Amino acid sequence: MLQGVFKSWQLLKKQDVGFRRRFYRTSLIMILLIASIPGLITGAGIYWSVTGKIESELQALHQNQIWQRAKNIDDQLSFLELTFSHWSFDTNFDDKLKSLDFVYKYGQVQELFRTLIVIEGSHPLIGNVDIYLEKPRPLVMNKERYSYLSDPGVMANYAALLKQGKSVLWSGMQDTGPGGSPGEGGRLTLINKLSGGGLEPFGVLVATLDMNKLNELLKTLTPYNEGATLLLGEDKEWLITSDTPPSPLDEALRREVIRRGPAGEPFLFTYKGITYSVSCGTFSRLGGAWTFVSAAPLTTVTSPVLFISKVILGMSAAGLLLALLLSWFASVRLYSPIDRLMGTLLGGRGALDRSQEKDEFAWIEKHWNSLATESKSLREILDRQMPLVRESFLLQLVQGYLFSLNEAEIRERFYHFGWEAGDVQFAVMMLRMRGLSRVEAKFASGDEELVTFAATNIAGELAANQGLQAEALNFHDMSGGILLMLPGQAAAKKVQTDLQLLARTILEEVERNLKLQVTVSISRTSNQMKQIPYLFEEARHALGYRDLLDESQIIDDGQFERVGTQREFTYPFSLEKEIVHSIRMGSEEEAVTLIRQFLDDLSAGGATELMVHQGMLQLLGTILHAMLESGLNPVQLFDGANPFGQLSDLKDSEDILKWFQFKVVGVFVYELISKQDFHLKQMVEKVILYLKERYMTDLSLDACAEHFGTSPFTLSRAFKQVTGINFIDYLTSIRMDAAKELLRSTDYKINDIAEKSGYQQTYFNRIFKKYEGVTPGQYREMSRESSK
C-alpha cells in the first residue's frame with residue numbers, strides 16, 4: 001500500500017499546475033485532521049472511562065471467587081465431621097470392645113480391620129484411621145495391625161484425649177500408630193470418643209487427614225497459581241500452608257493478620273515491592289474457629305485490565321496509522337481522476353508528455369476515437385467467428401453436455417447467440433450419406449469429412465431458402481443434422497408437409513450434386529429446448545430402419561410405427577454353415593461369394609438396415625466361434641480391436657462385404673493354413689462327406705481310417721481338431737438329423753427309420769431319447785402338432 005501511495009505521489013509531483021499542488025496540500029491536511037482527531041478522542045475516552053470500571057469489576061469478581069471456594073472447603077470439612085461422628089454409633093464400636101480378646105476373637109478383630117478400611121474410604125480427605133482402646137489393655141489398631149502400648153508418654157497423650165470435654169474434636173497431633181510417639185506435629189487429626197452408649201469413654205477413633213489433598217484443596221483459594229494460602233488455628237497457630245516449611249511471605253502474612261485482629265474486609269498488603277490482594281475469613285469447626293488467608297498479586301487480578309488497556313491503545317494507534325494511510329491514499333485518488341484515466345488509457349506505456357500535449361481532454365478524445373476503431377475491428381472479427389461459436393454450442397447441447405442447464409438458461413443462451421426462439425417448435429433432420437464406393441461417385445474413400453461438410457451445407461441452404469430458421473451440424477462421420485425452428489402456432493399437418501418437402505429437396509440435391517445415396521430421418525416436434533438432444537437421438541435411431549435395398553429414402557419418425565421390426569425375417573442357416581465350411585477348407589473366394597449371397601438373402605423382403613446388421617453380427621459371431629474351435633485367438637487376429645463395433649459402424653452393403661473379405665475371411669484363412677496341416681483338413685472334410693453319404697450303413701472309426709489310408713488315432717485326433725467334436729458324436733449327430741427329418745416329413749415306421757438311420761430299432765429308441773429327451777414316436781407327434 002505504501003509503495004502504491006508513493007508512486008501516486010510521484011505521479012502528482014510531475015504535474016506542473018501550481019494551484020493544483022497548493023489545493024492538494026490543503027485538502028490533505030484537512031483530511032488528516034478530520035480522520036485523526038476523532039480516533040484519538042475515541043481511544044482516550046475508552047481508556048479513561050472503561051479501564052477503571054473494568055478494574056473494580058475484576059476485583060469484585062476475584063473476591064466473589066475466593067468466598068465461593070472458601071464455602072466449598074468449609075462444606076467439605078463439615079461433611080467430614082458429620083460423616084466421622086456417625087461412625088461412633090457403629091455396632092462394631094460398642095461395649096464389647098471393653099472386653100474384646102484380640103488373641104482369640106479373630107472374627108471380631110477382622111471385622112474391626114474391615115471397618116477401619118471402610119472409614120478411610122468414606123471421605124477423600126481421610127489419610128488413615130486409628131483406634132485406641134484403654135480396656136482391657138491399652139492398645140492402638142489401624143487397618144494393617146494392632147499393638148499394645150507400653151510407653152507411658154504415649155498412653156498419657158491418649159488418656160488426655162479421653163478427658164476432653166468434647167466427644168468430637170480437632171487436634172494437631174501427629175498420627176500415632178503402634179510404637180509411635182506424639183508431638184511431631186504437621187498433621188490434622190479428627191478425634192471421636194468411643195463410649196459404647198455409656199458415660200465413660202473407653203477409647204478414641206482418630207482420623208488423620210491427607211495433608212497433600214488438604215493442601216491442594218486449600219490452594220484453590222489462590223486461583224492464579226501465584227501468591228500464598230494459609231490456614232491458622234484458634235490461637236493463630238499454624239495448621240497448614242501452601243509452602244512447607246512456611247515461607248517468609250507466609251510469616252509476614254500471619255503477622256499482619258494477627259495485627260489486624262478478627263478477619264474482616266479484604267485489604268492490600270505490600271511485601272518486597274509486590275502488592276497483594278489479601279482475603280481472609282473463618283471456618284467454624286466444632287466450637288472453634290479457623291482462619292484462612294488468601295493472598296494473590298494484584299497484577300494477576302488486574303492483568304486483563306492491563307491487556308485490554310494495551311489493546312485499546314494499540315487499536316487506537318493502529319487506527320490512527322490506518323487513518324493516515326487511507327487519508328493519503330484517498331486524497332491522491334480524489335484529486336487525480338484525470339491522471340488515473342490517462343494512466344488507464346496509456347496502459348502502462350508511461351506518463352503523458354506535458355510539453356507535447358497541453359490539453360489532456362483533447363488527448364483523451366483522440367485516444368478514445370482510436371479505441372472505438374479497434375472495438376469496431378474486434379466486433380467484425382467476432383461476427384466472423386460467431387457461426388463457429390454457435391455450432392460449438394449446438395454440438396454441446398445435442399451431445400448432452402448441457403444437461404445441467406434448465407429451460408430458461410438454454411433459451412437465454414439461444415437469445416445471446418442471435419436465434420429467435422421465443423414462440424417456436426423444434427424439429428430435427430438427420431442425414432446419412434453412403435455410396436463412396438459407387439463408380440459414379442465424385443468422392444473416394446477418405447473424403448468422409450469433406451462429403452459430410454458439403455451435404456450439411458446444402459441442407460442448411462435449402463432450409464434457409466424455404467424461409468425456415470435452421471442450423472446445420474456436421475458430425476464428420478458421413479452424417480449430419482439440421483435443427484429446425486418452426487413457428488409455434490403452425491398447424492401440425494402444415495409442419496409435417498413442410499418437413500417432407502424439405503427432406504425430398506435435400507435428398508434430390510445431394511444425389512444430383514454429390515452422386516451419393518442419402519437417408520433422411522425426420523423427428524417429431526417439441527416446443528421444449530431441453531428435448532433437443534432427445535430429438536436428435538430419436539432421428540439418429542430412426543436411420544437404422546431404412547430399407548437396405550432402397551438407394552435413398554425418407555423416414556418420418558412422427559408417422560413411422562417401426563413396422564420393420566414386425567416384418568418376416570429369415571436367417572439363412574444353411575448358407576452360414578457353407579460359409580464356415582468354405583473358410584475351414586481355405587476357399588477364400590468361395591467364402592466371399594457365399595457371404596455376398598448371405599447378405600442378399602438377409603436384405604430380401606424389405607429388411608431394414610437394423611435387421612441386416614443383426615444378421616451380419618450373428619454371422620460374425622459364428623465365424624469367431626469357428627476361429628476358437630480351430631485354436632485361433634480372435635483378439636490377437638483383430639489386434640485387440642472390437643470387430644462387432646467395426647461392423648456396426650459400416651452402413652453400406654459393399655463396405656460390409658469388403659470388410660468381411662479383408663478383415664475376417666482373409667485373416668482367418670491365412671492363419672488357419674499357417675497353423676494347421678491343410679491336407680489333413682482336406683482328409684477330414686472328405687471323411688465328413690463320406691459320413692453324410694453312408695451314415696445309414698455300418699460305419700466305425702477303424703473302417704473309415706482304413707478306407708482313407710490312415711490310422712484310427714490320427715483320424716480321431718484330426719477329426720477332433722478340425723470339427724471340435726469326436727468321430728462318434730459327429731456321426732451320431734448326422735444320423736439324428738436324418739432321423740428327425742424322416743420323422744417330420746414321412747410316414748415311415750419307426751423300424752424303417754431306424755434302419756435308414758443306420759441303427760437297430762431297440763438301440764435307435766434308446767440313443768434317440770438320450771440325445772433328444774423324447775422317444776421317436778413322441779417327437780413325431782410333437783412335430784405334427786407344432787406344424788398345425
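This is a predicted model: local features need pLDDT of at least 70, side-chain atom pairs count only at pLDDT 80 or more; totals for chains, interfaces and linings use all residues.

Me: What volume does the largest pocket have?
Reply: The largest pocket has a volume of about 840 Å³. Of the 24 residues lining the largest pocket, Lys577, Arg584, Ile688, Lys692 and Tyr730 are the closest to its centre. A pocket here is an open set of points on a 1 Å grid over the protein atoms alone, where a 1.4 Å probe fits, with protein on both sides within 12 Å along at least five of seven lines; lining residues have an atom within 4 Å of a point.

Me: And which helix gives the most to that lining?
Reply: H14 does, with seven residues. Helices are DSSP runs (H or I, at least four residues), and strands are runs of E (at least two), numbered from the N terminus. By class, the lining of the largest pocket has 10 nonpolar, six polar and eight charged residues.

Me: Switching topic: how many salt bridges are there?
Reply: The structure holds 10 salt bridges, each being a side-chain nitrogen of Lys or Arg within 4 Å of a carboxyl oxygen of Asp or Glu. One of them joins Glu407 and Arg411, with the closest N and O atoms 3.2 Å apart. Both residues lie in helix H10 (residues 407-416), four residues apart, about one turn of the helix.

Me: Is Glu407 buried or exposed?
Reply: Glu407 is buried, with a relative accessible area of 17%. Buried means under 20%, exposed over 50%, and partly exposed in between (1.4 Å probe, protein chains only).

Me: Which residue does Arg784 pair with?
Reply: Arg784 meets Asp747 in a salt bridge (2.6 Å, N to O). That pair links distant parts of the chain, 37 residues apart, with Arg784 in helix H26 (residues 776-787) and Asp747 in the loop between H23 and helix H24 (750-756). Asp747 counts as exposed because its relative accessibility is 64%.

Me: Last one: where does Val103 sit?
Reply: Val103 is in the loop between helix H2 (18-86) and helix H3 (106-120). At 55% relative accessibility, Val103 counts as exposed.

Technical notes
Residues are numbered from 1 along each chain as its sequence is written. Side-chain values use heavy atoms; hydrogens and water are left out. Grid points are joined across faces, edges and corners, and a volume is the space filled by probe spheres set on the points. Ala, Val, Leu, Ile, Met, Phe, Trp, Tyr, Cys and Pro count as nonpolar, Asp, Glu, Lys and Arg as charged, and the others, Gly among them, as polar.
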